[in-house]
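Hi there,

Here is the structure I promised to pass on. Have a look at it first, and then read my notes below.

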Amino acid sequence: MPPFKDEHVLLIAPGSQMTLAQLGLPETFTPARFRFPTRMFPAEKKGEYEPYRVREKRREVKVSNGTEAPKPDVEMKDAEPAAVEGAPAAEGPVKPEDGTQENGNEETTKTIEEVYYEEDPASDEGAIYPIENGRIVDWPCFFALLTHIHNTLSPPFHTPIMIIAEPVWSARDREAITQFVFEKFKAPAFSLMDSALAACYGYGTATATVVDVGKGKVDVTAVTDFTVNEHGRGVALEGCGGDAMTDRLVELLGSKGFTREMCEQLKRSNIAEILSAGTPLPGSSATARQGANPAAAASTGGADANESAPRGPGDGTQTGTEGANGEEDEGVLDVAAIVSGNTTEYLANIEKEKTTTKKGAADPKGTRLPNSKKEKASFQFEEYVQMDGDKTEAQGSPQYIRQSREIEVSVERFLLTSPSTNVGNRLTGGILEDIATQIHHTILAVPDATKRSELWDSLIIVGCGSKVKGFTQALLSVITQKFILSPSGTIFMSEIPSNFTTPVPTGTNTPAPMGQPGQMYHPAAQGVNPLLVAATHNNPGMPGGMPGTPSMDPNMALHYRSTGHSQTPISVKTLKPPNQGNSNAPGASSSSAAGNPGASGAAQGGHGMEEAIFLGAQMAAKVFFVLDQGLSKGYMSRVEYNESGPSAIHEYVL
Amino acid sequence: MNPSNPPQAAEYGGDEVSAIVLDPGYSTTRAGFAGEDAPKSLIPTYYGKYNADGQEKLVYGDNIFVSPRPGLSIHNPIGRDGIVEDWDMAEKVWEHSFVSRLTGTKAGNPFQNGLNDVDELPVEMDVESEEKPLSDSPLLMSEPGWNPARAREKTIEIAMEKWDTPAFYLARTGVLSAFASGKPSALVIDIGASNISITPVHDGMILKRGVQHSPLGGDYISSQINALLKANNPQPITITPHYLISSKSAVEAGQPPQANYKTFPPDKAPDASYRALLEERTLTEFKECVVQVWPGPTRLSAPGPTGVSNEDMARNTPGRPFEFPDGYNQVFGVERFRVVESLFDAKAAIPDPDSPFPAPTPAQTIPELVKASLAGVDVDIRPALLANVVVTGGSSLLYNFTERLNQELMQIFPGPRVRVTAAGNTYERRFGAWIGGSILASLGTFHQMWISKKEYEEHGPNIVEKRCK
């Protein structure tokens, strides 16, 4: 077979919400060129689908003697109310050709009804989402989506296709997709690549633990030597994705009049942040320096800006409930957070503050505090408002304008991952804890025990759900708290090893190991302001090794670890994204901000390494289709398909 | 090829379907396609049950380890002796094992699944509306060597009637393990979770009179570890699973743990059986990291060759540290050899009155089982069996297990050549029976062995006794 060309390769990565696609491999790997919402709309004919919402509209066309064309009736606006007969025919001024009127000035006019269709790209009413939690729930619709993407990109015949497979797809699902691609698209070569493996290609590593935080689910996969470990894999762990965080916000803020859409945008805004476990919430901080109490926050710029814009629902209710709660709060108790948040941690912090802090004066530097220190912050809420809502409903396409306004929120914006108060089906300690437990389970299930330590040290966190500021840090800190083994007891019996800093007066009583970026704090460091720790622990000349590596500590040599293997994890780290020399700034998945969660956030809203899966797919496609021409059995060719059928796709180990 | 030329019209028209191999065990259930080298789907046989919104809900798969649920209790459809007790649930668990990762839910009506052009819809055909999960895959299942006839008939009944498989076969795990190591004749020693079993296999046929089994499997070793932890010095150790701990702090070895525990309201707290399941996870880790089999040649309690007793020798090997989920950590010395010693020496069992396992009798130990097994087979084939001892099963992965087994067998049978084979690869050891099934079902010559649906309909479930010997 002649070699494939870069510009012919078609990549499709379906997701529950967005499907990424690209035709041709660019010189440097870039985010996907096309992003299709993963939804289709039922067409008029059963079993067919349209990419956009199609409205059936009826309009009455005036047929007058002589002239067929409907007349623009802009000048007759005043007469509109009279024109409503049967079907409401009135139309806003933006649709001039639609309105019909009979003012009696043209007796010969009769109206006939004419049906026409109009695409409405903004609406998602009646949409069918073929993928739910990674699972393909509506096959015809999914295939229609693939066809739509294929048609939109219209590749030439000699186009190899690579589809990124969700881990949850069963063997039969993969066969069905294979069959569809070969028979509908007549592809000369097809590759179905596991998303976790693609992420590894994106990071250029053979062994990693891939955590893919999606919309409604999380996948946790241990990849060793480019092989996906199916056993113990966390497949489509439900209730842990981005939606779960939005749900939590709705739960916290719903009583204050926040809609789901508001919460969704709040989650995406750069003021929403997940604080590492043990970080005190602002406004209740035990470290007195930040005296950001409500009084101070009220005078900050964010609040001032609010005066001019329509007020968000956050504030009014807050003052309303204050009295009802009947608590003497001395201005430090954030009632709103208690009413809705109700976490014991929060209350404990308040309690602590009452005893330890004096009411600080308003901090004049309040505006320059990092987000994590501000008690309140506001974000820009954008919404599409339908113009002249009622009138246009039945006829004519609705017109939208974009409105934006500032909404102020309190500390709820830090509580995205706190456990839901409504127990429901699961006794969860929050989604981060669920994910951490799944990672632990997945890594323990890897049969090659010698790889486990490496897996802990190479976490890859991808997926748009992980875009929320501080997500990675918070996840690492949960893992550290729950699972990291203490450096074996003997260390503390002897002198402190050189790579452990000596205890400092930050409230820690045990040394906190400082490693390179990505190294999380030791559990002992919890409950301490990470900024403070970072400032006092600043010793840049430290060797980059792991704490407790046997070679560094003579006492460890006494431990007989040569037979079998030892327990994991000793440490946990995220992998550094590769430097590709392009615009993909390492975003939330870079862990340089271990100590100061407020500093990162450059990649907010951008497509950083959250989409490492797609980048990896480009790299893999380049390797499989262009460079090694199928030598590594990276794809299935049409000839092989004709011989062995769709089930042969399983032999192409991706 | 010119990219603007349309491709040839030749299309795949074959109907190659690979069989599904299902190897249900007490602790895990393995399922995958025949011809592959590892089962694609591995789920715990345990399932969870809880009430939510007034309904009883069931949880299958790995998820039971990850998310605790209110009032969750854990059950196992298979009894301790390896025979199914709860058929309804066994069917559901097994079905989950292949539906979740292999067959998936059906793509639906072929006329509407997008794969076919729907220009002309045929007249409404009388299609069975109820989809059954296996209607287009043959199924090979495994069973323990002592499976009673009633259970075998029930199994084929489920496969044929509930799952609608077109062809079925039931094979003994021992035979399959022998196939996996490429031996038609072998003495298969399978160390599972609930049982250890000895199966003599000759020319691919099981020698029924020689089949021996005893309950000293992985779960028994766990109970021994529990007994050890209970009697631990300076203080007894209790295992608190991860789900009950919100954070822990580092403590020195042997010091009491410092952890923040989670509390659940009593009406929401998971059942004790859930806690037991998760404690078992920690014990598994303990077995992997700490437990060692005394390599022999003599027993741990015996005096060593140099006059120093074996116990003292073991004591001199460096200990191995282990940290429990609540942060408690300790170095384990000679104790780590003791917990498995009773597999070979019944007297060495650590006594524990609360254990669900009664103290082992000498007849239950591996050397005695092998003796009993060989006594049940023809004298002529004994040397052939001893020269082909196959060790399989997850618990046989204990460090130094095969060395010790080899020593024990050489002592009992000094005459004939004893050769112990054990796969070095963890997968091959744990999934020996499955892999054998995968090989068997993909053989061309195996096709005549299948019991077809038609035969089943003609002869009834009893056919399994005649065909699957």
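Just past the end of α2(A), A:Ser154 has a positive phi of about 30 degrees. Keep in mind as you read that this is a predicted model.

Now step back into the helix itself. α2(A) has 15 residues, and from its first C-alpha to its last it reaches 21 Å, close to the 21 Å expected at 1.5 Å a residue. Which residues of α2(A) are buried? They are A:Trp139, A:Pro140, A:Cys141, A:Phe142, A:Phe143, A:Ala144, A:Leu145, A:Leu146 and A:His150. Those buried residues pack against several elements of chain A, including β1, β2 and α3 (171–184).

Helix α2 (residues 139–153) of chain A lies across β1, β2 (18–23) and β3 of chain A, and it runs at about 35 degrees to β2(A). Another helix, α17 (residues 612–627) of chain A, also packs on the sheet: it touches β1, β2, β10 and β11 (189–194) of chain A, and its direction makes about 145 degrees with that of β1(A).

So what is the order of the strands in this open sheet? In chain A, six strands line up as β3-β2-β1-β10-β11-β19, with mixed pairing. At the edges are β3 (34–37) and β19 (636–637) of chain A, each pairing on one side only. Further in, β1 (residues 10–13) and β10 (residues 161–165) of chain A pair in the parallel sense over three bridges.

**A strand covered on both faces**

Next, find strand β18 (residues 459–462) of chain A. Both of its faces are covered: A:Leu459 and A:Ile461 are buried on one side, and A:Ile460 and A:Val462 are buried on the other. Strand β12 (residues 208–213) of chain A runs parallel to β18(A), and four bridges join the two. Here A:Val211 stands opposite A:Ile461.

In soluble globular proteins, nonpolar side chains tend to be buried together. The largest nonpolar core here has 241 residues, and A:Ile460 and A:Ala617 touch the most other members. The element that gives the most to this core is α17(A), with 10 residues. There is also a second, separate core of five residues, and among them are B:Ile239, B:Ala250, B:Val251 and B:Phe324.

Back to A:Ile460: leaving out residues up to four places away in sequence, its contacts include A:Ala199, A:Tyr203, A:Val211, A:Leu575 and A:Ala612.

Cheers!

Key:
Residues numbered from 1 in each chain as written. Chains lettered and ligands numbered in written order. Predicted model: local features only at pLDDT ≥ 70, side-chain atom pairs only at ≥ 80, totals over all residues. Pairing = 2+ DSSP bridges. Contact = placed C-beta atoms within 7 Å. Axes fitted to C-alpha atoms, helices over the stretch in contact; angles between N-to-C directions. Buried ≥ 20, exposed ≤ 12 C-beta atoms within 10 Å, placed from the backbone. Expected span 1.5 Å × (residues − 1). Core = buried A, V, L, I, M, F, W, Y, C linked by C-beta atoms within 7 Å.
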